[in-house]
Amino acid sequence: MRLDYTDEDKAFREEVRSFLAEKLPSHISKAVKAGRMPAREDYITWQRILNEKGWAVHSWPKEHGGSGFTPFQKHIFEEECVKAGAPELPPFGLNMLGPVLIAFGSEEQKAHYLPRILNCDDWWCQGYSEPGAGSDLASLKTKAVRDGDHYIVNGQKTWTTMGQYADWIFCLVRTSSAGKPQEGISFLLIDMDTPGVEMRPIITIEGGHEVNEVFFQDVKVPVENLVGEENKGWTYAKYLLQHERVGIAGVAAAKEGLKKLKRIAAETDAGDGSTLIEDPAFATRIANVELDLMAMELTNLRVLAQAQAGGAPGAESSMLKIKGSVIRQEISDLLRRAVGPYALPFMPELELPGANEEPIGPDGANAFAGHYFNRRKYSIYGGSNEIQRNIISKMILGL
Amino acid sequence: MDFNLSEDHSLLKDMVARFVRQKYDFETRDKIIKSDTGYSPEIWGELAELGLVAAVLPERVGGLGGTGIDIMVVMEELGRGIVVEPFLATAVLGAGLLAEESATGRGPALLDDVVAGGHLLALAHYEPGARYNADVVNAALTADGDGYSLAGAKSVVISGAQADTVIVSAKGPNGLALALVPKGAGGMSVRAFKTHDGFAAAELSFDGVAVAKDDILLEGKAAEDALGRAIARGTFALCAESLGAMESARDATLEYLRTRTQFGVPIGKFQALQHRMVDMCLEIEQARSIVLLAASKLESDEREKHLSAAKALTGRIGRMVAEEAVQMHGGIGVTWELTLAHVAKRLVMIDHYFGDTDHHLKRFQKLSNAA
């Protein structure tokens, strides 16, 4: 039993730190630390810097351009990135499509798409959910009908995150209605410029634009864009979801959030000359979430140690997802409360890149209520927390 | 980073687990908690023979380690079996104090007998009305001839009536002192009782108890530091014990969900219960993490912050596990005949030793915000 990092890991942390200090552009880290969504080109800039170093992706084997980090190194890397204010790279190409192509794609697909994903030459988005297929993903209806060298795709996808930036979309489509719903699904790559593809924004509860609806009307997709075998898409989709949940605990982000919360609570006048952190009710809530986070950080490390020893990410990641999402939501609730009445102003224009208007209330306060509402998504996306409980119940508890 | 137990620790864990499984069934325990002595001298002797007391003592005094992990491994298994033998009072608290490096007088010489299982100890520190405040010491030692005279009262002393020697904290001419008072000493009155969780405890009062110079185990700063360490180890031991009890409650509940049939199906098929069960398991993993963290910090200068974190969180989770396990068992969960009911009681009552969840949450805030 040994709960501290090895000397190699500590040296690695130093290496990551100095790399970030040297290479991360300050205009990007400033926006990230202020809780703003970076611009499209900022993501691309940062990903290319990382790719040059060979650090853009960790879930791929080294021969395909993965970093070759151990699970602990990956964790250290992510922790330092969050601390430094590096944008979290969009996972759609790197951590979702990439592993699926590597496992199930043809040699041509790998040779063509993988380097382009690494360098963000193509921005990918995910076409899984549909208006009628959320938690029950297998009930999806978007249809692909084979017509010579093409599939003709008709239907609708939704919750397409960052779709407004995307060049390509990977989709689950129905190619057969025979057998169980899971058995007629295929995995298709679609160029967003193809005639018949239309994207419409979904404005989320806080007024932001992260997600979209995508409509397909008689969209012609070449058959070589099918990944793996026809009607085997469900297998690939499940494989992808497993990768999606890795790192979903968000420990590093939660730790930064808590640090910010404690700083603000210590600086904020409670209205009677004392500070908010001295308020017993507020301080108790902070302490409770701090305890949960301390424990979760170690739980996360325990799961990493299993992965380091060669275990596959399994249902344990569902545990981290549930606990991690709830902790981060609680911190966002406390940040909103910490600024009192200054949570009220609804001025989303202040959060846009390049905004220089004077905020109302303390620095950063403008963002907190919006973040709180936005963060409700944590317990819904990536398989809702209730779906995660079903997974644990079945896979770990055997109920 | 490595979360696996060493081979020695695995062997120790298996040994305790096997002993508890074979020797501490429901009927045996039920007889013990209803007996006058409140523990089984026979079982205690066997536990000592297996080296359990030595396991939590430092090598300097012939022990086997006494680190956080040693304590954790033993306490977790005792917690699984809701063992009420006087391990906390005698081994973790008492023997730990006798083994202190700066201990003097006749105390250290008792250690061999304690390790062999022939001598029970208790720590009498918390006072009436002081609640969980460990800083309150009104008991006093005043000079009397060649020695001292002890006056004062100590409250809810675990093993207070069983102990062959009680270690009493008191203010003396040289600051805080820890004094040895033998069972039946003149001037010591003992009001013995049992606790809801099956332990034997006592209210002790001292009225002119003669204490020789030789009876003073520790004094001044050395006594303060040693007492702090003893309470820390005791607090940590309870956290580890509660983790074992939580796992026992989890296993029993899971088994019940699989076997109890209602509406023609095992009740574990109902989603309402599945989700409750998942939440319980999730929280127990969190409890394990915070106990591991505290174990790793037991010898560091961050000890107190991590202990309060562990006590507060295991207290919160322990209550949740106890209540959920009873709820999922339904009516049978609130009967004396079910082992789980006693596990639940231990989980809830463990919060009342060395400071409860609220006490430690507040203490954690102070320590964390000062850091």
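**Close-up views of a two-chain model**

**View 1. The contact between chain B and chain A.** Chain B gives 31 residues to this contact, and chain A gives 30. The model is predicted. On the side of chain B that touches chain A, the elements with two or more residues are α8, α9 (271-297), α10 (303-329) and α12 (357-370) of chain B. α9(B) supplies the largest share, 13 residues. By class, this side of chain B holds 18 nonpolar, 11 polar and two charged residues.

**View 2. The largest nonpolar core.** This core has 229 residues. Which members touch the most other members? They are B:Leu150, B:Ile167, B:Ala179, B:Ala249, B:Val291 and B:Ala294. Helix α8 (residues 220-259) of chain B brings the largest share, 17 residues. In soluble globular proteins, nonpolar side chains tend to be buried together.

**View 3. The surroundings of B:Ile167.** B:Ile167 is one of the core members that touch the most others.

**View 4. Domain 1 against domain 3 in chain B.** The domain assignment divides chain B into domain 1 (7-115), domain 2 (121-218) and domain 3 (223-370). Between domain 1 and domain 3 of chain B, the C-alpha centres are 21 Å apart. The contact joins 18 residues of domain 1 of chain B to 23 residues of domain 3 of chain B. On the domain 1 side, α5 (68-80) and α6 (87-98) of chain B each supply at least two residues. The largest share of that side, 10 residues, belongs to α5(B). Its residues divide into 11 nonpolar, three polar and four charged.

**View 5. Two helices packed in chain A.** Helix α4 (residues 71-84) of chain A packs on helix α9 (residues 280-308) of chain A. Their axes are 8 Å apart, at an angle of about 140 degrees. α4(A) and α9(A) are therefore oblique to each other. From α4(A), the contact uses A:Pro71, A:Phe72 and A:His75. From α9(A), the contact uses A:Leu304, A:Ala307 and A:Gln308. These residues divide into four nonpolar, two polar and no charged.

**View 6. A:Gly383 in its loop.** A:Gly383 sits in the loop between α11 (365-374) and α12 (385-395) of chain A. Is A:Gly383 buried or partly exposed? A:Gly383 counts as partly exposed because it has 19 C-beta neighbours inside 10 Å, and 20 or more would be needed for a buried residue. Not counting residues up to four places away in sequence, A:Gly383 touches A:Leu241 and A:Gln388. A:Gly383 and A:Pro87 are 296 residues apart along the chain, with 23 Å between their C-alpha atoms.

View 7. B:Val156 belongs to strand β3 (residues 147-158) of chain B. Phi of B:Val156 is near 40 degrees, a positive value in a residue other than glycine. B:Val156 counts as partly exposed, with 17 C-beta neighbours inside 10 Å. B:Ser159 lies in the loop between β3 and β4 (165-172) of chain B. B:Ser159 is not a glycine either, yet has a positive phi of about 65 degrees. B:Ser159 is buried because 27 other C-beta atoms lie within 10 Å.

Key:
Residues numbered from 1 in each chain as written. Chains lettered and ligands numbered in written order. Predicted model: local features only at pLDDT ≥ 70, side-chain atom pairs only at ≥ 80, totals over all residues. Core = buried A, V, L, I, M, F, W, Y, C linked by C-beta atoms within 7 Å. Buried ≥ 20, exposed ≤ 12 C-beta atoms within 10 Å, placed from the backbone. Helix = DSSP H or I, 4+ residues; strand = E, 2+ residues; numbered from the N terminus. Domains from an automatic or database assignment. Contact = placed C-beta atoms within 7 Å. Nonpolar A, V, L, I, M, F, W, Y, C, P; charged D, E, K, R; others polar. Axes fitted to C-alpha atoms, helices over the stretch in contact; angles between N-to-C directions. Parallel < 35°, antiparallel > 145°, perpendicular 65-115°, else oblique.
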